[in-house]
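Work through the exercises below with the model open beside you. Try each task before reading its solution.

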Amino acid sequence: MSGMPESRVFIVDDDMSVRRGLSLLLNSAGYIVEALDNIIDLLHIEDINIPGCILLDIFMGEESGLELQDAVRNKFKNIPIIFITGHGNIPMSVQALKKGAINFLQKPVDDKDLLEAVEEAIKRSIILFNNQIETDKCKGLIDSLTPRELEVLRYVIRGKLNKQIASELNIAEHTVKLHRGRITEKLGVKSVPEMMYIAEKSNIE
Amino acid sequence: MYRFGIKILIIVLLLLSISSEVPAQENKARTCVIFFSYSASMVAYQNMLDGFNESFIQPLDKPISIVSEYLDIGRTNNEAYGRSIVEMYNQKYKESGIDLVIAVGPGILPFLKKADLKMLKNSPLILVDIFISPADSVTNASQVNGMPVYLKYNYFTKSFKKICDLFPDRRSVYCVNGNGILDNYYFSILKDSQQKNSGTHKFININGLSIDSTLSTIADLPEESVVVVVSYSEDINGLAFTTPEVANLIARISKVPVFILGGDSFPKDGGVIGGYVISYNNVGKEFGKAANQILRGADPKSIMADLPGLYQYIFDWRELKRWNLLDSKTIPSQSTILYQEHSFFYEYKWYILGLALFMVTQTLIIIYLVRAHKIQKKVKQQILENQTMYNKIVREDRLSKMTVLTASLSHELNQPLTAILSCAQAGIRFLDSEKLDREQAKEIFENIIEDDKRAGGIISGVRAMMKFENREMENVTVNTLVNETLNIMRNEISRHGITIKTNLENNPIIVFADKIQLQQVLLNFLRNSIDAMEKNDPDDKKIEVSMKLDRDLVTVSIHDSGPGIDKSILKRIFEPFVTTGKTGFGIGLAVSRTIIENHHGEIWAENIPDGGAEFSFRLNTIKNE
């Protein structure tokens, strides 16, 4: 997986030597690295549209650090965070993982550990991105439905028969059939399970 | 055998005509003869003589020789005997004559009246005789050519009254009398006294009986009665007794209380509750006194015997106890109480009280000492605890500093180590992938060298800080020191998002100081400022380090933008254990003060009106070389 061109590793560390060393190591493994000396600069990046991960050196005990870390996580949902620290201990790592870190590394970190963690994080990032694309696609399809069609869809995915839907919506069964036909057409599906998949991806219940 | 009565009349007979002329006897020793009516075996006589000797004082100018003569006429009532002893004494005192006669005992006056004692004709006479009734004594005394002075004292009435008072419920008083001459005499004078007390009590006389009949009568007496043994020298059959003897016999068989009225002594064998008994010793004293006065030419009419003192109430303590009379108020206060069984406490009252006092005192002292000891122990413990606490705090402060230092050290070292490791591993990877060019390899090695030097620097810095105790004073450039210290802390300061501003002198300022210690002061100041601004807005975390030179004094100040020092501790902030934050034990600033004071400098803290606190120290500078 090394040398994957469409990915990026962000290093956030206030120590220049560490940034330099880690960058070199990741470069040697074929990653494109962006090194930053503080987390605020990271938050200033508008968006990250390609898979990647963040190597974050952070002082866990500090309130402001934790808040910033939350901000990073919320802003870049598809980019996993790997914590890397110079004075880590078990409670700290547990806390870090609870806070949504994908991994926790301790300085000085071995290349194997670091590269494995980065690789895993990027794989995860790719999945997250793919999920995102799929979801976006489904949402787009759903958006093309009229409000009445969306209403009918809700009953269909709950397993209601046309007759039942007609009675619930107080319309003719024939009309229900017409709506269903248009929904199938718009969503480009052939079966109810496919319909249910799209609805689920779009958070429709 | 005592034949002496209880009642005594002391009559001092004085033959006035004699006192004026003492013919041709100026230088001769004078003679005083004491005639006793009975034999010398009478204990009472010995007691009298003892009393006489106590009170009689020899006149210094004309000494008196005292002679006792025992006539023994009481029993030997025989005229021929009487004549012969008179003849004998006439011969005996023919030469010396008699200057004073003291005649003692029952029947002595009638004898002297009859006898033709020539040497008595011109002598003063002191008569001590119980048988003389007041009327008799006057006439009889005049017959011996003297002028009698007698003192009347009837004690029977008083004695009966006492008995009636002691036993108000025992209405029958049985009075026992013998049949001797004395007994009969007593009996004759008894009636009057009995009559005077007949208002409350009934008096029954038991006399004219043999001793056996007397005792058997006593044994059968009714319960509400009292027995009074008046006088018993002979029974009806002529058997001789002494009154105390008979009183003892009666007491032994009597079921009721027994008193004694006559007799010359109190019965020794017990059983008798009490009596009114004569003190022969006092009788002796009385006629001794009378003799003194007469021999010194006193007016005989003025001589008075102090009679009430001759008698005394005597009680047997055991009997009083037996009849529940110990607390009776009717017992005269001057009574002689015999055979008193003192309780242990009574007997050793003062010893016991003394001992008790000693024990109480000792107990109090012990209690005091125990308490004092306890308090002392407590105080000692307190001191020890305080000491332990102090040591603990100091140790914990050191430990916490160590922990902080260790954590900080490990972090500081991990940074370069991480960089070195990463660079080296990157290099290997580049080599493996054959992508490593010369420039890149050089860069990697340079990075490694730089990071390694940095790690070494950290370690030597810590070592320098640790061994400051043996450091020596040296010339220290303050500017450099401030910068170095800031470099040590820079990482930490930036980690806290604090911006730092320095305002130092341009010229190097040199002080003579312990560099590491001064650095410690600055570190403490900085640490304090960082802590103080912990809750500040991230945009408002500022530290300004300034340095000012004023003549030869340099002041280094560290000003933060924190909330300032709490007024309550501002004045005490350099005292040990006064702390600004929750992190320390309040030792750092105290140590700082010690360091600055050891450098003969000043240290202070103040709140700046524009905000924040400022910590400063001032030291003497050395002129630039």
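## Exercise 1: a charge over a ring

B:Lys162 sits over the face of B:Tyr313, 5.8 Å from the ring centre. This is a predicted model: local features need pLDDT of at least 70, side-chain atom pairs count only at pLDDT 80 or more, and totals for chains, interfaces and linings use all residues. Residues are numbered from 1 along each chain as its sequence is written, chains are lettered from A and ligands numbered from 1 in the order in which they are written, and side-chain values use heavy atoms, with hydrogens and water left out.

Task: Which ring does A:Arg158 lie over?

Solution. Start with the criterion: NZ of Lys or CZ of Arg must be within 6 Å of the ring centre and within 35 degrees of the ring normal. Then find the partner. A:Arg158 lies over A:Tyr155, at 5.4 Å from the ring centre.

## Exercise 2: aromatic pairs

Task: How are the planes of B:Phe35 and B:Tyr89 arranged, edge-to-face or stacked?

Solution. Step one is the rule. Rings of Phe, Tyr and Trp (its six-membered ring) pair if their centres lie within 6.5 Å; planes under 30 degrees apart count as stacked, over 60 as edge-to-face and the rest as tilted. Over all chains, the search finds 14 aromatic pairs. Step two is the geometry. The ring centres of B:Phe35 and B:Tyr89 are 5.3 Å apart and the planes meet at 70°, so this pair is edge-to-face. Step three is location. B:Phe35 is in strand E2 (residues 30–36) and B:Tyr89 in helix H3 (residues 79–92) of chain B, 54 residues apart. Helices (H or I, at least four residues) and strands (E, at least two) are DSSP runs, numbered from the N terminus. Both residues, B:Phe35 and B:Tyr89, are buried (under 20% relative accessible area; exposed is over 50%, partly exposed in between; 1.4 Å probe, protein chains only).

Now compare B:Tyr313 and B:Phe315. Their centres are 6.2 Å apart and their planes lie at 10°, so the pair is stacked. B:Tyr313 and B:Phe315 are buried. Ring pairs also join B:Phe525, B:Phe574, B:Phe615 and B:Phe617 in a cluster.

## Exercise 3: the interface

Task: How many residues of chain A are in contact with chain B?

Solution. Take contact as heavy atoms within 4.5 Å. Then 23 residues of chain A touch 24 residues of chain B. Next comes the area. About 2100 Å² is buried between chain A and chain B, with carbon and sulfur atoms giving 54%. Buried area is the accessible area (1.4 Å probe) that two parts lose on being put together, summed over both.

Then count the salt bridges (a side-chain nitrogen of Lys or Arg within 4 Å of a carboxyl oxygen of Asp or Glu). Between chain A and chain B there are 4 salt bridges. A:Asp15 and B:Arg454 form a salt bridge through their side chains, at 2.5 Å from N to O. Helix H1 (16–28) and helix H5 (111–143) of chain A each supply at least two residues of the side that touches chain B. H1(A) gives the most to that side, with 9 residues.

## Exercise 4: one residue at the boundary

Task: Is B:Gln425 buried or exposed?

Solution. Read its relative accessible area: 10%, so B:Gln425 is buried. Finally, list its contacts. Leaving aside neighbours within four places in sequence, B:Gln425 touches A:Leu25, A:Val109, A:Asp110 and A:Asp111.
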